[in-house]
Amino acid sequence: MPVSATSSLVAPTPHDNSNIFRRSANFHPTIWGDHFIQYVSEPMEIDEIMKQIVMLKEKVSKMLVLMNESATRPLEEANLIDSIQRLGLYHHFEHEIGEVLQHIHNSYVENGAITLNEDLHCVALVFRLLRQQGYHILPDVFKKFKNEQGNFNETLFGDVEGMISLFEVTHMRIHGEDILDEAFVFTSSHLEMMTPQLSLSLAAKVNHSLKWPLFKNLPRLVARYYISTYEEDPSHDATLLLLAKLDFNLLQKQHKKEAGELSKWWKDLDLETKFPFARNRIIELYFWSMGVYFEPQYSLGRRIMTKVLSLVSIIDDTYDVYGTIEELQLFTDAIERWDIKCMDFLPEYMKCVYNSLLDLYEEIEQEMAKEGRTLSAIYVKNELIRLVQSYFTEAKWFNSKYIPTVEEYVANGIVTSVNYLLTAISFIGMGSIATQETFRWLTNRPKIVSASCIIGRLVNDLLSNEFEQKRGHVASAIECYMKQYGVSREDAINEISRQVTNAWKDINENLLHPIQVPKPLLIRVLNLTRAIDVMYKEEDGYTHSLRLTKNYIQSIMLNPCQI
Ligand SMILES: CC(C)=CCC/C(C)=C/COP(=O)(O)OP(=O)(O)O
């Protein structure tokens, strides 16, 4: 049920008995309440399952090694790797998969061009897997699927599988790959047109791909969906399927427990009562953090990220909705000084979030000290300060009814996208591969992270603009663009969408070798961007989490796979 904005001014709240009028966004309450807290004490009972998983993993590992040794059937190898990845098992077989792909690369790639003489599905699948692995493969191989006029062959309409595979590839395109730009238009428009003539199951497959391109989807959502469709495929491998189900359910238990612990932390702080004007979304934020890293070893990262986000969310609502400009000035000063003594100068209602933030920072410092990485925490603090300063800039713009230029807006908005901060936090959870050097790299605003921030800002604006403008909010990229260039809303939206597409090309380009920092760190940036694509697909699924986001959380955090 969508929640609508009501009057933008409300009477004073219990927080103040002065005559200050404050805006209100009437956010819907939490969907989950205390539901997850019950899982904190649920026994894991994992011994038997772990034994089974270890045995099944050995079998799959052997399958991969054997395949690599014979290495004569590239389609079979590619299909197996694709299934392992879609089933959410890549992290168990990273080494083996790396070897198989290296072998495929050595055998079927010359000077960056794929030499496979196979059909569209096979070529596109191999292309996608190699690119995902970081190989800079050229898209020229797709020229052979064009006619003399230079258009993609209409005969491909009969090859739905091939069309889907090519469509999936197009989401990995980089700048200058005109053939993949064309392929995107060709496959997306024709697949959409074709669906009414397809069988129900094939049409469902096409529609799913169109809405959920693999490369932009979150790995856990991919796995949950694929486990059920793979099961229906009569040619499925029973070992792989069982492993995927057991592994998914085991991890789900861990996620439930972690979400329960965070719910309890949130409840104990009683922030819901203290900030009734703010969004209460601890579970949605855990889902977001799990999107960034779902694997079992990243428990600390998920915990820290969810906690930071929950406080940032309150701060965002304070700057966007509730605080007066004078109060926000005080809060911004206090954050810049980062000193518990500053609490004395803050309005009563702000004290708690300030105190909680400083406490949380101490927790991060302590965790980092255990790993001998104390300095890393400073980067998080610096990003938090920058974020709050940028929130204040937006508040001042709103307060003075100033509409910035697009350039001014985006320069500030990429910080309020929160993705610089989130990238720093994601590195906190990555252990020793996130060195001081990688944090310094981050401070220099590398293109891949800036592109993720641009996507975060612009996609958020495209999907939440109407609701926010109704309740009163700083001009979004859309209004800035319309004013600066004197264009219609529709033209502004088209231009902003084009910039989002370009930013994705920057991300894709910077995932290819040679890379600047270890790949697992870049994957965090990719996943942060995927989380935005998922959360803002049809609506602002963070603010209005009753519908789609609720379904995602149910499907991956609550519903186990039937064995
Ligand atoms: C990225 C995440 C999970 C951040 C924490 C919560 C948050 C600030 C969400 C965006 O809200 P919004 O749509 O109100 O943002 P803005 O005020 O920047 O438009």
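**Close-up views of a predicted model**

Helix α12 contributes the most to the shell around the ligand, with four residues. The structure is a predicted model, in which local features need pLDDT of at least 70 and side-chain atom pairs count only at pLDDT 80 or more, whereas totals for chains, interfaces and linings use all residues. Residues are numbered from 1 along each chain as its sequence is written, and side-chain values use heavy atoms, with hydrogens and water left out.

**View 1. The shell around the ligand.** The ligand is surrounded by 17 residues, and the closest are Arg279, Asp316, Asp320, Arg457 and Asn460; a residue is near a molecule if one of its heavy atoms lies within 4 Å of it. At least two residues of the shell come from each of α11 (282-292), α12 (299-322) and α19 (447-471). Helices are DSSP runs (H or I, at least four residues), numbered from the N terminus. By class, the shell holds seven nonpolar, four polar and six charged residues. Asp, Glu, Lys and Arg count as charged, Ala, Val, Leu, Ile, Met, Phe, Trp, Tyr, Cys and Pro as nonpolar, and the others, Gly among them, as polar.

View 2. A polar contact is a pair of N or O atoms within 3.5 Å. A polar side-chain atom of Asp320 is 2.5 Å from an oxygen atom of the ligand. The side chain of Asn460 places an N or O atom 3.0 Å from a ligand oxygen, and for the side chain of Arg279 the distance is 3.1 Å. On its own the ligand has 490 Å² of accessible area, of which the protein covers 97%; such areas come from the Shrake-Rupley method with a 1.4 Å probe.

View 3. Side chains of opposite charge can pair when their charged atoms come close. Glu161 and Lys205 form a salt bridge through their side chains, at 3.3 Å from N to O. This pair links distant parts of the chain, 44 residues apart: Glu161 belongs to helix α5 (residues 160-170) and Lys205 to helix α7 (residues 200-211). The whole structure contains 31 salt bridges, each defined by a side-chain nitrogen of Lys or Arg within 4 Å of a carboxyl oxygen of Asp or Glu.

**View 4. Backbone details in two loops.** Between α21 (489-509) and α22 (519-535) runs the loop that holds Pro514. The peptide bond from His513 to Pro514 is cis, with omega near 0°. Lys401 lies in the loop between α15 (376-399) and α16 (406-416). Although Lys401 is not a glycine, its phi is positive, at about 55°.

Conventions: Polar contact = N/O pair within 3.5 Å; in protein donor to acceptor, adjacent residues only side chain to side chain.
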